[in-house]
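Subject: Structure handover

Hi,

Here is the structure I promised to pass on. Please open it and keep it on screen while you read the notes below.

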Amino acid sequence: MIVKDLIKKVRFILSDTEINRWSDERLIVLLNEGLNNIAKDTILFVETAFVKLNNLQVEYDFSDFAIKILRIEYQGLPLKAFSHAEMDRKDPYWQTAEGSELKAYVIDKQKEARIKLYPILQNSNNTLVNFGSPFGIITGITYSEFQLEVASDFGDLGEVDASDYVKLYYIKRPPEITSILDEVELSSLIQEPVTHYIAAGAFRDNTDVQNRSIAVDEMNLYTSQLSSYVIEKAQNFSQEGYTTRYNPSGV
């Protein structure tokens, strides 16, 4: 959808079709806020990707394109998710453990969309980077310089076997909208809630009591419509089981 078409719908709600009260720039700011709010609080922007693993690398940063990791699969099976505390109780030296197959990933106590893999892989054929620490700290190159190999389709990774990649389920980071001529990826069902979010923010800009009251009504419409859509969407993508409780018998 072209942003200008969405903004046009918003201006009908605002009774500002002549563009006298709110600039396009202000409404685009509110659109970006709405998209980020939806991405943060729902699973509406779920995507999958295949990520090639690198030998000895422990930490992976997906924050350039993801805001939340929902699930990771390895060799066709779900990879268990644990906290640092759970792994510490299992084995105080887990961060230096080595192995030929992944058993779990750790997702807490890190910045958004970053993970640690367990154990340290020793059998990957991908040795593009030399890691000088058992904790997966890169020597001679920074994470910002290292390019992850991420593909939307398995075939795009080239010749790899099951131990050389993981399948990632994640919440996509919405691209920032900067112009009314930009494209925005919104299903037809989610467009109306977004228009109400933008309208609510616009009405809040005005200190007039009546506008503030209308802003509340618009935000309530946004919340109600979004909740209904989330319920329908969740039936296709259940989050149940993404977190795994600590199993004292082993990973």
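This is a predicted model: local features need pLDDT of at least 70, side-chain atom pairs count only at pLDDT 80 or more; totals for chains, interfaces and linings use all residues.

Salt bridges

Side chains of opposite charge can pair when their charged atoms come close. Across the whole structure, the search finds nine salt bridges. Three of them are worth a look here.

Start with D24 and R11. Their side chains meet in a salt bridge, at 2.8 Å from N to O. D24 sits in helix α2 and R11 in helix α1, so the pair ties together parts 13 residues apart in sequence. R11 is buried, because its relative accessibility is 4%, under the 20% cut-off.

Next, find D205 and R26. The closest N and O atoms of this salt bridge are 2.9 Å apart. D205 lies in the loop between α4 (188-204) and α5 (209-234), while R26 is in helix α2, so this pair ties together parts 179 residues apart in sequence. Both count as partly exposed: D205 at 40% relative accessibility, R26 at 27%.

Then go to E112 and R173. Their side chains form a salt bridge at 2.5 Å, N to O. This pair links distant parts of the chain, 61 residues apart. E112 is in the loop between β7 (104-106) and β8, and R173 is in the loop between β11 (165-172) and α4. E112 is partly exposed at 44%, and R173 is partly exposed at 27%.

Two buried loop residues

D16 is in the loop between α1 (3-14) and α2 (24-41). Is D16 buried or exposed? It is buried, with a relative accessible area of 2%. Its side chain reaches the backbone nitrogen of R21 at 3.0 Å. D16 also belongs to a network of salt bridges with R11 and D24.

S63 is in the loop between β2 (59-61) and β3 (66-74). S63 counts as buried because its relative accessibility is 17%, under the 20% cut-off. A polar contact of 2.6 Å joins its side chain to that of D61. Leaving aside neighbours within four places in sequence, S63 is in contact with residues including E112 and R173, the salt-bridge pair above.

The cavity

How many cavities of 30 Å³ or more are there? The count is one. The largest cavity holds about 40 Å³ of space. Its lining includes V58, W94 and Y118. Strand β8 (residues 114-118) gives the most to this lining, with three residues. By class, the lining has five nonpolar residues, one polar and one charged.

Best wishes

Methods. Residues are numbered from 1 along each chain as its sequence is written. Side-chain values use heavy atoms; hydrogens and water are left out. Helices (H or I, at least four residues) and strands (E, at least two) are DSSP runs, numbered from the N terminus. Buried means under 20% relative accessible area, exposed over 50%, partly exposed in between (1.4 Å probe, protein chains only). A polar contact is a pair of N or O atoms within 3.5 Å; within protein, one must be able to donate a hydrogen and the other to accept it, and residues adjacent in sequence count only if both atoms are side-chain atoms. On a 1 Å grid over the protein atoms alone, a cavity is a set of points where a 1.4 Å probe fits but cannot get out, and a pocket is an open set with protein on both sides within 12 Å along at least five of seven lines; lining residues have an atom within 4 Å of a point. Grid points are joined across faces, edges and corners, and a volume is the space filled by probe spheres set on the points. Ala, Val, Leu, Ile, Met, Phe, Trp, Tyr, Cys and Pro count as nonpolar, Asp, Glu, Lys and Arg as charged, and the others, Gly among them, as polar. Contact means heavy atoms within 4.5 Å. A salt bridge is a side-chain nitrogen of Lys or Arg within 4 Å of a carboxyl oxygen of Asp or Glu.
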